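Biologist: I'd like to learn how to read salt bridges in a model. Could you walk me through a case?
Modeller: Gladly; let's bring one up.

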Amino acid sequence: MATPVRVRASELEGRGWLNTGGAELNLDKLRGKIVILDFWTFCCINCLHVLDELRPLEAQYKDVLVTVGVHSPKFEHEADPVALASAVERYDIQHPVLDDPELVTWQAYSARAWPTLVVVDPEGYIVAHLSGEGHAAGLASFIPELIAEHEAKGTLHSGDGPYVAPEPVSRDLRFPGKVLPLADGNFLVSDTGHHRLVETGPDLTTVVRTIGSGTKGFLDGPAGDAEFNEPQGLALLPAELAAAAGYDVVVADSVNHRLRGITLATGEVRTLAGNGVQRLLDAGPARVTDDGAAASENDLGTAPLEVALSSPWDVAYSSTLKTVVIAMAGTHQIFGFDPASGTVTIVAGNGLEGLLDGPGEQAWFAQPSGLTEDAKGNIWVADSETSALRVLRFDDDGGVLVETAIGEGLFDFGFRDGEAAQARLQHPLGVAVLPDGSVALADTYNGAVRRYDPASKTVSTLARGLAEPSDVLLDESGEVPLLIVVEANKHQLIRLPLPKNALQVDEGATQTQRPKTPIAPGELALTVNFSAPTGQKLDDRWGDPTQLKVSATPPELLISGGGTSIGLQRTLVLSADVPEGVLHLTARAAACDGPEDASGEIPDHAACHLYQQDWGIPVLMSADGAAELALDLRGV
């Protein structure tokens with residue numbers, strides 16, 4: 001049997017380093033350590049999940065394990081070193097970060113998706129290539145194996161790693177997320193970076209009180225004791241509903257994967273929905289309720305504290321649905337929470353990442369992050385990863401229709417006003433309805449507030465030169481309406497006038513720049529590699545636990561082989577008449593802990609894990625291009 005070829009890790013090259021005290025790192029300086037290269041970009045919710053997945057491993061194995069974040073930007077704004085430094089601070093990243101704006105190291109390691117993890121052993125060889133999130137359990141079993149192997153060989157060196165903590169900065173607000181007007185003229189702000197809520201006076205700067213201790217964590221109770229973890233969206237319930245429910249404000253507690261409720265009179269905090277476990281799966285088959293009746297496939301049940309959520313980013317009350325709608329960024333869906341019954345539902349989105357309109361259950365979203373309701377009861381959505389403005393319209397029978405007002409796709413962005421079909425945004429996070437029925441957007445990575453007019457289907461710019469605005473609010477408390485903007489990277493809220501004459505900006509439309517893979521027209525053998533971690537086996541209790549979904553942009557690129565089916569191998573047929581395009585691939589594999597006995601059966605109580613990744617692979621048709629494409633979901 002041939003000895004497996006050992007692949008030497010490529011050098012780490014980029015523009016510079018963060019979190020090293022100014023030192024330049026290379027693989028020689030990391031020799032003797034187990035190194036996890038985390039290819040990430042700060043817009044990506046899945047990348048943020050991975051940061052949290054790695055924290056316990058980094059703490060447990062701090063003497064022998066070094067994580068290196070390789071920041072390889074998707075959006076133009078993310079290539080700004082100042083923006084990257086802010087993101088490293090914002091997300092409390094406690095490991096070295098390589099700034100890789102030209103994707104040099106990304107290409108050297110054949111990364112094709114955010115996030116990607118590459119494990120390098122103490123001798124400098126690649127021993128694992130992982131895509132997507134959910135790999136913490138596998139790494140928890142793999143790292144001890146590497147430790148034992150290299151302790152025996154004498155190649156493991158224990159001691160401090162290269163991380164150098166930056167100097168702390170004191171601020172009243174730290175990366176605020178969203179803002180909510182209160183009935184008494186004050187404002188409630190999610191002070192995201194301080195893990196608390198702040199109530200300000202009408203001047204937006206005077207701190208009236210804080211809700212939450214400021215310690216990152218999860219704890220219900222009095223205002224001074226309660227704990228949050230990067231709270232974001234805020235929604236005020238109608239007075240009658242609030243009186244019946246016993247709380248006034250719903251909070252999207254993003255990293256806790258929960259909804260929290262605030263009683264304004266006392267500041268008391270309670271948990272409304274979410275069990276704290278990140279949701280990875282779509283809604284399952286129809287459930288049976290306590291009275292024996294079949295529930296809707298979109299009904300996740302009336303035990304809200306048992307439901308798994310995933311990075312709820314914003315919330316808004318829908319007067320049409322009588323429900324708090326939730327921008328569930330982590331699963332690319334819109335959820336609903338009924339304060340009266342406790343029912344949690346899926347309002348729109350099937351969990352696939354992208355931009356696809358149609359009936360709610362068929363629509364695709366990509367990290368929805370901002371919500372608001374208009375006078376007609378429509379819900380407008382800032383769909384950040386597609387740089388899009390979407391809208392949910394409801395019919396009398398309870399049906400939901402999803403439409404796109406601005407936006408083209410996952411990799412299309414820019415700064416362009418004019419006709420909405422040609423207009424471009426860059427990762428918007430907030431949305432508000434203006435007095436004339438038009439919609440204002442916090443166009444975050446363009447540092448602007450944009451306006452969409454549904455009547456004329458045109459886009460204009462209301463303000464620019466802002467530092468990552470994360471929310472926008474119409475303030476009608478004074479003599480004339482104003483805009484309140486949450487300027488996250490300046491750690492402040494500001495008021496801006498509504499201009500009489502909006503700007504018309506055209507700085508162009510662009511796409512995420514990634515290397516194109518030369519592919520030969522005709523048959524393409526597609527393989528996604530997956531190896532279950534030690535201690536897990538594929539969950540085949542209900543058939544093949546793997547799934548592959550394939551589509552293309554433009555659709556004409558893919559002659560055959562598209563659609564969803566079981567298995568991680570597929571033969572595609574690509575057209576010679578389409579010179580280039582993007583292959584969209586989603587792979588899933590389910591594995592469970594066990595077996596625990598000789599039967600080989602997975603125990604009923606076993607913990608199960610879903611591995612999933614979405615790829616957008618830019619391809620260039622070439623006669624001498626590849627006839628095979630192999631991707632790693634989990635390759636060891």
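Biologist: How many salt bridges does the structure hold?
Modeller: This is a predicted model, and it holds 25 salt bridges. To count, a side-chain nitrogen of Lys or Arg must lie within 4 Å of a carboxyl oxygen of Asp or Glu.

Biologist: Which residue meets Arg90 in a salt bridge?
Modeller: Glu468 does, with N to O at 3.1 Å. Arg90 belongs to helix 3 (residues 81-90), while Glu468 sits in the loop between strand 30 (458-464) and strand 31 (469-475), so the pair ties together parts that are 378 residues apart in sequence.

Biologist: Is Arg90 buried or exposed?
Modeller: Buried means under 20% relative accessible area. Arg90 has 17%, so it is buried, and Glu468 is buried as well, at 7%.

Biologist: What does Arg390 pair with?
Modeller: Its partner is Asp357, and the closest N and O atoms are 3.0 Å apart. Arg390 lies in strand 23 (residues 388-394) and Asp357 in the loop between strand 19 (344-348) and strand 20 (358-359), so this bridge ties together parts 33 residues apart in sequence. Arg390 is buried, with a relative accessible area of 0%, whereas Asp357 is partly exposed at 33%.

Biologist: Which residues do salt bridges with shared partners join into one network?
Modeller: Arg6, Asp121, Glu123 and Lys153. Within it, Lys153 bridges to Glu123, their closest N and O atoms being 2.6 Å apart. Lys153 is in helix 5 (residues 136-153) and Glu123 in the loop between strand 6 (116-120) and strand 7 (125-131), 30 residues apart. Lys153 is partly exposed, at 43% relative accessible area.

Conventions
Residues numbered from 1 in each chain as written. Predicted model: local features only at pLDDT ≥ 70, side-chain atom pairs only at ≥ 80, totals over all residues. Heavy atoms only, no water. Helix = DSSP H or I, 4+ residues; strand = E, 2+ residues; numbered from the N terminus. Buried < 20%, exposed > 50% of the residue type's maximum accessible area, 1.4 Å probe, protein only.
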